[in-house]
Amino acid sequence: MSSPTPPSSTSEQYKQDGAASTRGFQGGETRNRPKLPRRPPATRYATREPADALESMFEDTLKQQSIRQPTRTSVLSQRTSSTVKAYQDGEQLKEMLRAECPLNDCWSFFVEHFGPTAWKNGTISRNSWPVYLKSTVPRMLRLIRDQRNEQPLRNDVPTFSEMILVTFELGLLRGTQWVQMITKLIESIIAAGVTTAEGQKLLSELLKCWNIVCRRRPRRLQSQELINKSDPEVTPSCSDWSNLPSHSLHSIFLEKRQNGTQYAFGLLTPQFAPGEMYQLPTIALGTLKLLLELEKTEIGSSTIVEDAKPLMLKFSNTVNACSMSLIDAAEFFRDVPESVVNLVKGDWPTIKEFTEKENVRKDFKVTENLRTQALHKRVIDAHARRDVASLDRLWSQVQQLPIYIPNAKDGFESGYRTGYLTPAFYNLFILLFMNLKQQPRAIEVWNHMIGNNLTPNLGAWDAMLNGCKNSRDAKALEQVWAMMISSGEKPDVTCWTTRISGLIHCYQPEAGIRALDEMGRLWLAAARKKYPNLKIENSKNVKDIPGAIRPTIATINAAVSGLIKRQEIKAADRILAWADQWGIIPDVQTYNTLLSSIVRAGHSDKTPEILTSMEGHGVQADAATFVTILDQTFAGIETLSPAEQIEAINNTFLAMEQMKVTPNQFLYGKMIYLLLRGVPTDITPVSEVMNRMATQGLTPSTYIYTILLEYYFAQSPPNFQAATTLIERAQLTVGTVDHIFWDRLIEGYASVGDTDTAISYLRNVQKSKQFTSWNTMRTLLMALVEKDEWGVATELVNNAVKDTGGPIGAEEKGVEGQHKFWELVRELRILD
């Protein structure tokens, strides 16, 4: 076979059942699994027309919808054109990142051209995937994550939960990265106060981040190409815990006895390697303590805490099964921020009191719980597949549930209650139907809610607004807003921000600015009823006015970010001037947005001016600030001599010291990546960075080890000795490397024809209960065939059959690389 080995990718996620994969060479017995039955194509049910005034506001939108059939071309022509187009798009994405275009634009471009829709339509495939995207995509994701890291509520980049969802499904998320984001959220909640509106919003975000990774490993998950992440507002609910891993107290106890407390908590996140997150017990206990603290105050306890009870029970079971004491918990405080440690140990009796309660389970009847959880899971799965017909059928089933009418104390969200159709469940259907551009169905859900004496709450209205925003329908967005106002519902900051940012997103910047001005005028008018002589510049001294929402810096940042992303610089300046008039003080997110726009425009000489202004206003620079500076400083680092590179490194750290910013793992990893991307022969500058890390007491992250490994294999000839030394060093620390590291290692040896070493590492990896991606398996299979090692190749395939049931049908989703692996097997005629 003469076809080349496909490029490796970090965008993979192991989604098979069980604790360990037996694909490939397990060195022992393999489990036989029956093939799953093939599902027949779903039929689409007819859509009923709602008889309500809401229908008319979407009429224009519905008329514009049309179904486009792809043009049929020959297979050879299609593959050739898609490959050329893919490389052209890949170069454009690289150029966008190099030109420091808005990261949200880079993200949208990537999803459009290399994301789910592209895979589903066949415009991108494993063979046409540009090889250099394996470094470009992680770089983009790291930039986005860094901007979000220090400002959890910023609106110009995806939220933590959105980033976690996407990277988790693509296989790019490592357990250590997830822990870092969770830890930052807990820190932010502590700083804001869990009883404040900001704190509760962050707490909901925290629960969503847990929700994404705390889920069983299904036998069949959606493939990358069928999981659409183009709608960043759609994230798993912080209330639906139907996918929580199911473990008895005895099984948790056995895991603790065999592998330790860390591994027992690791049962909560089965798709991460349990050894790579030693802080997991601490952040789990910190999350539990925040929920208990909120419950004690009775602020929002009927919603957030009630919804999170299933997760709290999992935490409780793990603590009980491990017989955990404060001394045991202290073992996992290392490298956890002091505020989070104090949260756990400061009131340990409260945690123990909750975990020792025996009546916690009484609200969760097994039969009803399973019934409702199954529906929740099927709804989410149908949306992930963009299966409108299945979602229609599920909506018909959900309508048979009894309606739960919340009490006034239930507040903004009633959450999901066992065996009931709740407002939260209604809102979920509205949001999902709107995001699938099924407006009549969303309206039908709305009418059903009203027909059952439920008044749409702010969650329902915000779902409608977000749906209009996602479909870029400014007219419908304003119509929904008008109806919300006429209904007597008072919009909160979230709804105002959705409207303002939505109008800008829908290419209506002036309308967005007018909406922001309207927000300010309404608040000022309400405030002057109490303070007749109030001036705008003094408004910052006025506390909240009932019935009106004052513009905040979060609102300003959302508007400014949206305008700058669309190159509306003058409009953004007007917003900032307006905010200054209102006495709204810029925060670090505001400055970072301005700094990024200045660098993109090529005015890097103004960077010191921005930093000086930040310091003058008492705004502390954060990691996102220095990431922007790093991209600018290291733009042409590969063209400098080693001595000049070291000088640039020292200057960067000196600037950070002067600004009192501590370098983190992300910054070190980015530096190393930029230094090695040109495959230099002299890596003295990298050693300088590593030495600084050691001085700071930091060990190389999984990402850094993977960068170094790829660098050694990229050398000509590959530096096997250095790679071996790196592997030995990485293995000294549990959790230092993940499956992506081992995938790159196996692919590296396979690519140079050293299949014996590749297979040896494959055996070791799978014996340690880690998994190997389908793309790595495919690379290894091709290497075996090219060396005429047909016996070993057959063994590899046979073990894959035993583990997964063999090839899957074209209509089944699979995971990334699964279809390609079995296509190669069929082409090679290894299976009958």
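Which residues do ring pairs link into a cluster? In this predicted model, the cluster consists of Phe-713, Phe-720, Phe-741, Trp-742, Tyr-749 and Tyr-761. Residues are numbered from 1 along each chain as its sequence is written. Because the model is predicted, local features need pLDDT of at least 70 and side-chain atom pairs count only at pLDDT 80 or more, while totals for chains, interfaces and linings use all residues; side-chain values use heavy atoms, with hydrogens and water left out.

A search of the whole structure returned 22 aromatic pairs. Trp-178 belongs to helix α7 (residues 175–192) and Trp-210 to helix α8 (residues 197–213), so the contact ties together parts 32 residues apart in sequence. Helices (H or I, at least four residues) and strands (E, at least two) are DSSP runs, numbered from the N terminus. Trp-178 has a relative accessibility of 0% and counts as buried; Trp-210 is buried as well, with a relative accessible area of 0%. Here buried means under 20% relative accessible area, exposed over 50%, and partly exposed in between (1.4 Å probe, protein chains only).

An edge-to-face pair is also formed by Trp-446 and Trp-461, with 4.5 Å centre to centre and 75° between the planes. This pair links distant parts of the chain, with Trp-446 in helix α20 (residues 439–451) and Trp-461 in helix α21 (residues 458–470), 15 residues apart. Trp-446 is buried at a relative accessible area of 3%, and Trp-461 is buried at 4% relative accessibility.

Aromatic rings also take part in contacts with charged groups. A charge sits over a ring if NZ of Lys or CZ of Arg is within 6 Å of the ring centre and within 35 degrees of the ring normal. The charged end of Arg-334 sits over the ring of Tyr-278, 4.2 Å from its centre. For Arg-550, the charged end sits over the ring of Trp-523, at 5.6 Å from the centre.

Side chains of opposite charge can pair when their charged atoms come close. The structure holds 16 salt bridges, each defined as a side-chain nitrogen of Lys or Arg within 4 Å of a carboxyl oxygen of Asp or Glu. In one of them, the closest N and O atoms of Lys-296 and Asp-347 are 3.8 Å apart. This bridge links distant parts of the chain: Lys-296 lies in helix α11 (residues 280–297) and Asp-347 in the loop between α15 (338–345) and α16 (348–355), 51 residues apart. Asp-347 is partly exposed at 23% relative accessibility, whereas Lys-296 is exposed at 56%.

Glu-638 and Arg-677 form a salt bridge with closest N and O atoms 3.6 Å apart. Glu-638 is partly exposed, with a relative accessible area of 41%, and Arg-677 is partly exposed at 33%.

Lys-820 and Glu-823 meet in a further salt bridge (3.8 Å, N to O). Being three residues apart in helix α39 (residues 818–828), they are separated by about one helical turn. Lys-820 is buried at 18% relative accessibility, and Glu-823 is partly exposed at 37%. Salt bridges that share partners join Lys-289, Glu-293, Lys-296 and Asp-347 into one network.

Notes: Phe/Tyr/Trp six-rings, centres within 6.5 Å; stacked < 30°, edge-to-face > 60°.
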